[in-house]
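Biologist: Please give me a close look at one part: the interface. Keep it brisk and give the cut-offs.

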Amino acid sequence: MTPEEIGRRLEDAAQLAFPEGGDGDRAAAERAEAAILGDLRPVSPMAPDWLHALILVLWLVAAAVDSASFLGMDGLRALGNGQAALIFVALLSAGWLGAVACARLMRPAAGRNLGPTAWVLACSLVAVVFAILFHGYDTAHFVQDGIPCLRAGLFIAAPTGLVIGLLLRRGLVLNWGAAGLAAGTVAGLAGLGMLELHCPNQKAVHVLVWHVAVVAVSGGLGFAFGRLSGELQ
Amino acid sequence: MGSRCTVDTAESLETLMSRYQQADESAAAALVERVTPLLRRYFLLQASNRPHADDLLQDTWMRLHRARHTYRPEEPVLPWIFAIARYASLDHYRKVIRREARERQVEVLPEPAGQVGGGEALDIDTMLTALPEAQREVILMLKISGMSIEEVARATSSSPGSVKQKAHRAYQKLREILTAKENRS
């Protein structure tokens, strides 16, 4: 039995059980027309996804640079040119993927859900870049130095994520969990960007745990917050 | 407010949707008339949604109307509509689950799901309920709503490869059911 034959049988069975074009269809169409025709105003289609993604990446960069300018650019001064280039290219690439995931989740049927991929890739890409560039594994003051970095990164990520959430509400988000995860990832990358510009601690163990944790935790919190707001709607 | 222009019956759903965005009443009405039977069937064929199919349909149209600015004119319209219908159904399912949990707490039995039609309705139910939810959804969109693999992938936010895999598994299962039924008769 071929798939076409199975499909035909399904269609026949469906047509017998619920014939198309019956009174029920007509009555339902009339009700729907009555509901929407009374409130018919012209609307402009949403801007393309790349434009939303670009806005989000610019917002990420602005949040990271502004906050680091306020706190001091000690981290940037401690980095070599090659190190800085590699880190910020990785951050922007991960940020672009997260922003595209957000832009897609604003519109129904805009493509594959990239939220989880963006989160996993962002965490692993920056972790790999840090593992290549930094080599100090001394754990002295590990927690005392780490907690302020995590706190500062999340402090920058929170308002960035809230603004991204407001932008998301301009569309129709169907999967709020995935949208929260993607928004949290982009916001976490803004926090991480600020830390790379500000924090002069170049111990591998510090950046691999506490700096990467900003993206991981921010994505997780974004997911939880997204799910909750989806449930409440 | 809305303007009324004429509608060519051969006009594509995409053109009608674009004109609906521009507040063209006749295009909106034509779109509703052409899409409602597809959506209604989509809800009726899912046994869990059947008793509430007309409410779900109305809810879906209200969601479509509020979100009409999120449709981009160059894209296929059916995946956009079915993505919204799919989530309307999912939200409804969550509400039913919560309500049933409350009803169990006060020891009131939930009402049984509605059964429609005679032997043939059971036949389509037998075929569809044998499939897991994800496969059933793919088969409904592919075979009953007439969407392509790419369109179903868009509507379900997955990849065409994943849709093909689900369809393949569903065909295998349906083949087994149909062959067994033929052997019995």
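**The interface of chain A and chain B**

Modeller: Start with one pair: B:Arg40 and A:Asp25 form a salt bridge, with 3.0 Å between their closest N and O atoms. The term requires a side-chain nitrogen of Lys or Arg within 4 Å of a carboxyl oxygen of Asp or Glu. This is a predicted model, where local features need pLDDT of at least 70, side-chain atom pairs need 80 or more, and totals for chains, interfaces and linings use all residues. Residues are numbered from 1 along each chain as written, chains are lettered from A and ligands numbered from 1 in written order, and side-chain values use heavy atoms, without hydrogens or water.

On the side of chain A that touches chain B, α1 (3–17) and α2 (23–37) are the elements giving two or more residues. Helices here are DSSP runs (H or I) of at least four residues, numbered from the N terminus. The largest share, 11 residues, comes from α1(A).

In total, 49 residues of chain A and 60 residues of chain B make the contact, meaning heavy atoms within 4.5 Å. The chains bury about 5000 Å² between them, 66% of it on carbon and sulfur atoms. That is accessible area (1.4 Å probe) lost on being put together, summed over both parts. A:Leu10, A:Phe18 and A:Leu40 supply 15% of what chain A buries against chain B, more than any other three residues.

How values were computed. Buried area = accessible area lost by both parts, 1.4 Å probe.
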